[in-house]
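User: I am new to this structure. Please walk me through it in short steps.

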Protein chains: 2
Amino acid sequence: MAKRTTVRDIARAAGVSIATVSRTISQPDTVRPETRKRVLDLVQRMDYRANRMAVDFRRGRTGAIIVLVADIANPFFSEFFKGMEENARKAGYILLIGDTADDEKNEQDYLDMLASGKADGLVLNTATLSETISALEGDTGFSALPLVSCNASLGARIPTVRIDNDHAGRILATHLLELGHRDFAQVSGPRVSDAHSGRFEGFCHALDEAGCTIPADLVIEGNLGIEFGRYAARMLARRSDLPTAVFVHNDETAIGLIHEFGRMDITVPGDVSVVGYDDLQFSAAITPSLTTARLPRRRWGAMACQMMVSIIENRPLDSREILIEPELIVRESSGPPRS
Amino acid sequence: MAKRTTVRDIARAAGVSIATVSRTISQPDTVRPETRKRVLDLVQRMDYRANRMAVDFRRGRTGAIIVLVADIANPFFSEFFKGMEENARKAGYILLIGDTADDEKNEQDYLDMLASGKADGLVLNTATLSETISALEGDTGFSALPLVSCNASLGARIPTVRIDNDHAGRILATHLLELGHRDFAQVSGPRVSDAHSGRFEGFCHALDEAGCTIPADLVIEGNLGIEFGRYAARMLARRSDLPTAVFVHNDETAIGLIHEFGRMDITVPGDVSVVGYDDLQFSAAITPSLTTARLPRRRWGAMACQMMVSIIENRPLDSREILIEPELIVRESSGPPRS
DNA sequence: GTGAAAGCGCTAACAA
DNA sequence: TTGTTAGCGCTTTCAC
């Protein structure tokens, strides 16, 4: 493996100093056109490319923002990335994405690597970060690396852009109450995650205010996903008193649940109304199409990125916590309760 | 902003040399336990963390592999990432993902940044890379950065792990032929991409061998996605001679097409059979569930990553091109032709 | 406009 | 086992 071309090689070949080569690359207008041409030609011919590791090291910055997510397979994140990425690019950074696979150890590995200097900033969209984060902070509670959280549980300590999960739960409950429903079930993600506890509480509060409650055994809690949706459908179908409406904590799971109901000849919304949460692209393309709370995911990503860039570039923050409001999307899967 | 703690600070505080501090961090067993403890305590207390930029720079490696994809929003990629990531982790690397948003300029931005030293290797799963890649290669055709392609069009020049698209087209055609179909349509992605031309050709060849052809106006080509699927459904429905079977080049699009057929009271597979390509998690959770060619995406990612690690670590490659074989998954959306 | 020189923070010979 | 030292490749004052 041949040694890479360096500034020194170019400088020697062009008969200039390494400083001039460096300038030609990064501030072309500060060198005489004649010199510039000579250097640039050599750069081309000798296939010179500045060593990024050296550049980053010397400059003390990388031009990259990294975002860590719990599960990249969750289709939910795609728009979030788009929002981040667009803004990162606009601000002159590239966006790199890491997947912790919802594993604390992996997360720690990432943090160890990224903690200092791998990127100019770290955006966290993972659920279980409270402890690992502490490690990033000194005793002063000051982190060497600019951090933005997309998650409520860290909100108090680091700048946060998060979804108003409580509100989402409320608008879905209100929608179902207005349709006349009184008997509910919830298919929930792990409530240790505040994303899920937020949805759960918001939904329950709205029911409370209307004088309704959900019996404990009509709350089915577990790791969301299509298969869990199927499982929940079977659990519910087994009961003699099928509720008239189900709030499923994400669309993916709701899609599994609806499909399984279909197999068991339980019609949606005829027999039971189903509402989801997220508004995936597929949510409008199934039958029946899914009533859900749309999260403005792209905006979420955009805001998170803007906040990060402000921090990196030492601009004052308007606010240390930004709330993103979800929006009710009514489709076919919700209707009046069966009589 | 306080200056960060460096090896020198720790060395001074512990009364040792900077070399000892460095060793304590990276090869703890080579220092006397007593010294080690003293240093580690200080590291903790002074919140020292080695500057990754300096470490990477000095060592000449980063411990990171970057994969670039054309569109991270495509649910298709998630399993591919998982496969890569698992293997990267196993080999001691972290995986970072970049999204080029299918834009050559973005791609170029990434490559400029990544080309040298941002990562130990670059895996490319983007369609339109032929030109940009040239820039990475010197006149010698030698790239400074280890490269692996997941795409046929670059296959000749750099190591490749790719899907056997041609074969996939064939097994889907064969399945439909065996069901008795003779009248086909294809809903294709842009055929400038060899992923799509491969599927297209494979499908057509198998039909040829059975004495069938697809009329040119029954090939609907465009940018795949749910909306395009809906559009294709409307185009097909408008015809007097609706074909009996449609091969849609990915599941996402097939889901849109089936949903739109449903709206128009065209039943699948009663009126028309639909087969997709990918096997997304949602493909089994719609009604009717989708017959498709399953791409072993996780394996794809795993192989790509293994190949990359081999290259980085100068191990010999078994082969410079690995083909991943898709598998036919028969579900409800395909059946005998209407009589 | 250009060159000389001083490091950025760290690791890895090598010497002690 | 520990310390000394020489850079990694680049950018950036500061002279000229």
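User: How far does helix 12 of chain B reach from its first C-alpha to its last?

Analyst: This is a predicted model. Helix 12 of chain B covers residues 297-312, which is 16 residues. At 1.5 Å a residue, 22 Å is expected. The reach in the model is close to that, at 23 Å.

User: Which strands and which helix of chain B do the buried residues of helix 12 pack against?

Analyst: Helix 12 of chain B has a run of buried residues, among them Trp300(B), Ala304(B) and Met308(B). The buried residues of this helix pack against other elements of chain B. These are strand 1 (64-69), strand 3 (121-125), strand 4 (147-149), strand 5 (160-163), strand 11 (321-324) and helix 5 (77-90).

User: Which residue just after helix 12 of chain B takes a positive phi?

Analyst: The place to look is just after the helix. There, phi is about 60°. The residue is Asn314(B).

User: Which residues touch the most other members of the largest nonpolar core?

Analyst: In soluble globular proteins, nonpolar side chains tend to be buried together. Here the largest nonpolar core has 171 residues. Ala304(B) lies in helix 12 of chain B and is buried. Leaving aside neighbours within four places in sequence, Ala304(B) is in contact with Met84(B), Val123(B), Val148(B), Cys150(B) and Val161(B). The residues that touch the most other core members are Ile65(A), Ala304(A), Ile65(B) and Ala304(B).

User: How many of the residues of chain A that touch chain B are nonpolar, polar and charged?

Analyst: Chain A puts 49 residues in contact with 49 residues of chain B. On chain A, the elements supplying at least two residues each are helix 4 (52-59), helix 5 (77-90), strand 2 (94-99), helix 6 (104-114) and helix 11 (251-263). The chain A side divides into 22 nonpolar, 14 polar and 13 charged.

User: Which element gives the most residues to the surface near DNA strand D?

Analyst: There are 26 residues around DNA strand D, and Thr6(A), Ala19(A), Ser22(A), Ala19(B) and Arg32(B) come nearest. Helix 2 and helix 4 of chain A, with helix 2 and helix 4 of chain B, each supply at least two residues. The surface holds 13 nonpolar, 8 polar and 5 charged residues. With 6 residues, the top contributor is helix 2 of chain A.

User: Which residues are closest to DNA strand C?

Analyst: DNA strand C is surrounded by 25 residues. The closest are Ala19(A), Val31(A), Thr35(A), Thr6(B) and Ser22(B).

Conventions: Residues are numbered from 1 along each chain as its sequence is written. Chains are lettered from A and ligands numbered from 1 in the order in which they are written. This is a predicted model: local features need pLDDT of at least 70, side-chain atom pairs count only at pLDDT 80 or more; totals for chains, interfaces and linings use all residues. Two residues are in contact if their C-beta atoms, placed from the backbone, lie within 7 Å. Helices (H or I, at least four residues) and strands (E, at least two) are DSSP runs, numbered from the N terminus. Ala, Val, Leu, Ile, Met, Phe, Trp, Tyr, Cys and Pro count as nonpolar, Asp, Glu, Lys and Arg as charged, and the others, Gly among them, as polar. A nonpolar core is a set of buried Ala, Val, Leu, Ile, Met, Phe, Trp, Tyr and Cys residues joined through C-beta atoms within 7 Å. A residue is buried if 20 or more other C-beta atoms lie within 10 Å of its own, exposed if 12 or fewer, and partly exposed in between; C-beta atoms are placed from the backbone. A residue is near a molecule or strand if its C-beta atom, placed from the backbone, lies within 6 Å of it. The expected span of a helix is 1.5 Å times one less than its number of residues.
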